[in-house]
Amino acid sequence: MPFARLASATTPTCHLGLGLAAVGRPGYINLGRDHDLGADRSVETLRARTHELLDAAYAQGVRYFDAARSYGRSEEFLAGWLKARPDVDDIVVGSKWGYTYTADWTTDAERHEVKDHGLATYERQRAETADLLGDRLDLYQIHSVTPDSPALTDKELHARLAEAAGQGLTVGFSTSGPAQAAAIRAALAVTVDGEGLFRTVQSTYNALEPSAGPALAEAHDAGLTVIVKEGMANGRLAQPHAPDALKAVADETYLGCDAVALALILRQPWAGVVLSGAATAAQLSSNLHAAAVDLDDDQVERLSGLAEDPRAYWEKRGSLPWH
């Protein structure tokens with residue numbers, strides 16, 4: 001598995017990854033984007049921003065990079081960066097299929113992405129990803145599986161995914177929504193020829209929404225690599241939006257709220273990779289300080305009190321505007 005590269009890595013930040021959702025397209029739901037990106041969000045500007053972040057991340061020891069077909073031009077930007085750096089051979093590259101980007105490089109589209117987990121979408125998007133990333137792609141994930149997703153029951157799709165796995169591609173899935181735990185457990189039960197199909201799971205887990213934790217521990221115990229996304233709750237755990245309890249612990253550690261929020265996840269024994277969704281190099285550097293945060297039991301207990309009801313959390317997330 002490509003994640004064996006991370007197991008042998010010696011950088012303190014090798015288990016922090018960089019997700020490109022915030023910089024692969026002009027519009028996203030993260031708080032503070034107007035400040036982070038400014039008004040110029042042309043393709044070339046965001047391409048340069050993405051390459052700057054990738055350079056900074058690699059220089060600081062990050063070894064996992066995460067894109068998706070629906071993240072605008074994220075795969076294209078990542079592919080260009082990789083082509084210009086053929087000597088970078090110690091990283092893991094992941095992407096996702098299942099959503100189609102429909103915003104046409106605007107921030108005010110009626111719909112920014114359309115979900116479809118059918119076999120035809122997989123075959124189309126797999127070809128699109130292959131055209132861009134070729135053999136640099138290590139991991140291909142079904143994007144945002146929920147318990148009712150047809151991707152959990154489509155045997156023909158499972159066979160095609162197993163075929164790709166047989167050719168060396170790692171196959172995984174991501175989850176979203178208040179029923180993440182049920183989706184994870186349903187995916188763990190998917191088999192082809194008696195073998196589990198999925199080797200990775202990527203889920204939302206953070207101080208406000210930790211409900212998937214027990215299911216992620218089960219996935220880890222079953223041999224899957226766990227990738228955590230939205231550790232910053234789309235900016236709700238960063239200054240100036242962070243809850244008072246998080247700000248207090250950050251003051252005690254002399255580091256940022258973002259570093260503490262990500263450190264809380266890193267201390268989970270099942271967390272294989274924790275993604276930064278930084279939009280600026282300064283944010284990225286601050287996020288990466290998570291590797292140096294050592295939370296004590298009292299601080300962890302205080303932060304555990306921030307957990308929200310999952311349905312309330314996802315309703316709040318669903319109400320965030322695209323900036």
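Which residues form one aromatic cluster with Phe 65?

Analyst: This is a predicted model, and in it Phe 65 forms one aromatic cluster together with Tyr 58 and Trp 81. Within the structure as a whole there are 10 aromatic pairs, and one of them joins Tyr 58 to Trp 81 in an edge-to-face arrangement, with 6.4 Å from centre to centre and 65° between the planes. Because Tyr 58 belongs to helix H3 (residues 43-59) and Trp 81 to helix H4 (residues 74-84), this pair ties together parts that lie 23 residues apart in sequence. As for accessibility, Tyr 58 has a relative value of 22% and therefore counts as partly exposed, whereas Trp 81, with a relative accessible area of 1%, is buried.

Another aromatic pair can be set beside this one: the ring centres of Tyr 205 and Trp 270 are 4.9 Å apart and their planes stand at 90°, so this pair is edge-to-face. Tyr 205 is found in the loop between strand E10 (200-204) and helix H8 (213-221), while Trp 270 is found in the loop between helix H10 (257-266) and strand E12 (273-276), so the parts that this pair ties together are 65 residues apart in sequence.

Definitions and conventions:
Residues are numbered from 1 along each chain as its sequence is written. This is a predicted model: local features need pLDDT of at least 70, side-chain atom pairs count only at pLDDT 80 or more; totals for chains, interfaces and linings use all residues. Side-chain values use heavy atoms; hydrogens and water are left out. Rings of Phe, Tyr and Trp (its six-membered ring) pair if their centres lie within 6.5 Å; planes under 30 degrees apart count as stacked, over 60 as edge-to-face and the rest as tilted. Helices (H or I, at least four residues) and strands (E, at least two) are DSSP runs, numbered from the N terminus. Buried means under 20% relative accessible area, exposed over 50%, partly exposed in between (1.4 Å probe, protein chains only).
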